[in-house]
Amino acid sequence: MRILHLDTNHALLINQLHNLGHINDEDYNSSKAEIEAKIANYDGIVIRSRFTIDKSFIDAASNLKFIARVGAGLENIDCDYAASKNIHLISAPEGNRNAVGEHSLAMLLSLFNKLNKADKEVRAGKWLREENRGVELDGKTVGLIGYGNMGKAFARKLQGFEVDVLCYDIKENVGDKNAEQVPLEILFQEADVLSLHTPETLLTRNMINKEFINNFVKPFWFINTARGKSVITADLVSALKSGKILGAGLDVLEYEKSSFESLFTSEIPEAFQYLIQSENVILSPHVAGWTKESKEKLAQTIVDKIQTFTE
């Protein structure tokens, strides 16, 4: 097959596909329109998040047999339309699930122990012990929304702690020894921590809003390593101000561009100004699944799935 690579990835991806007999072309700079003009020449595409693959692009790709995204989600692809054209879709959540699980745990422990705040103060010559008294994870109930690859990875990481782990998912019977699957009503009642592990869909967009937050019986800690557009930031900030949310670890933001490569270019929103000044908020630039190891694992997963598809 002739495959077009639209984003740079680990070198093993192209090397192994070449060894499997595929022709690999690379184009990391042309505009979407320029790619669209030549896409009919290709059997496959490998992309991360450079641009959206929509109906017009798919119509131009008259010979396309598969689209492989080197990442967990497929929200930058019109999946239904691609499927109607018999285009096989490939993603690689197995490749970065461990990284996401570790990052989620790191954010949670940092919040509980005020590590960012304490580090900043000590560097400024302040030695404030009582003000930085932490909270223990032991005995807490951690609620996960979304129990696929990422949710399961985080649940595994939590097994070294004396915690109860509950999960909610729209799919039935996905709970396991690491997390008890429960209805949302139980999660609302029991959770001390909420961690999101959902893809971006019509169901999850703006899911974390004022009404959703107020369903929780107890004040809770919030972790989001999934998708920024699942959260209405202004409602999150209101909950932080009121104490309904005790602290937040945010690897993703609703202000991200669809390519995930940058934030907004216009005036900084008021809600985001609050986040960057808040001592009980930890922010990272969509890197939960972005480790040296996951870069290789993601590429290997894509190679393996392309190989299976083309056999």
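Helices (H or I, at least four residues) and strands (E, at least two) are DSSP runs, numbered from the N terminus. The expected span of a helix is 1.5 Å times one less than its number of residues.

This is a predicted model, in which local features need pLDDT of at least 70, side-chain atom pairs count only at pLDDT 80 or more, and totals for chains, interfaces and linings use all residues. Residues are numbered from 1 along each chain as its sequence is written, and side-chain values use heavy atoms, with hydrogens and water left out.

**The sheet**

Two strands pair if DSSP finds at least two bridges between them. Five strands form an open sheet in the order β2-β1-β3-β4-β5, with parallel pairing. β2 (23-26) and β5 (88-90) stand at the edges with a single partner strand each, so one side of each has no neighbour in the sheet. From one strand to the next, the twist averages 20°. Angles run from 0 to 180 degrees between N-to-C directions, and axes are lines fitted to C-alpha atoms, for helices over the stretch in contact.

Strand β3 (residues 44-47) pairs with β1 (residues 2-5) through three bridges. Four bridges link β3 to β4 (residues 66-69). The table lists residues that face each other across these strands.

| Residue | Opposite residue |
|---|---|
| L4 | I45 in β3 |
| V46 | A68 in β4 |

Buried means under 20% relative accessible area, exposed over 50%, partly exposed in between (1.4 Å probe, protein chains only).

**Helix α5 and its partner**

Helix α5 (residues 93-112) has 20 residues. From first C-alpha to last it reaches 28 Å, close to the 28 Å expected at 1.5 Å a residue. Of its 20 residues, 14 are buried. K114 follows α5 and has a positive phi, near 50°.

α5 packs against helix α12 (residues 292-310) at an angle of about 160°, with the axes 7 Å apart. That makes the two helices roughly antiparallel; angles under 35 degrees count as roughly parallel, over 145 as roughly antiparallel, 65 to 115 as roughly perpendicular and the rest as oblique. Contact means heavy atoms within 4.5 Å. On the α5 side, P93, E94, G95, N96, N98 and A99 make the contact. α12 contributes S294, K297, L298, T301 and K305. These residues divide into three nonpolar, five polar and three charged. Ala, Val, Leu, Ile, Met, Phe, Trp, Tyr, Cys and Pro count as nonpolar, Asp, Glu, Lys and Arg as charged, and the others, Gly among them, as polar.
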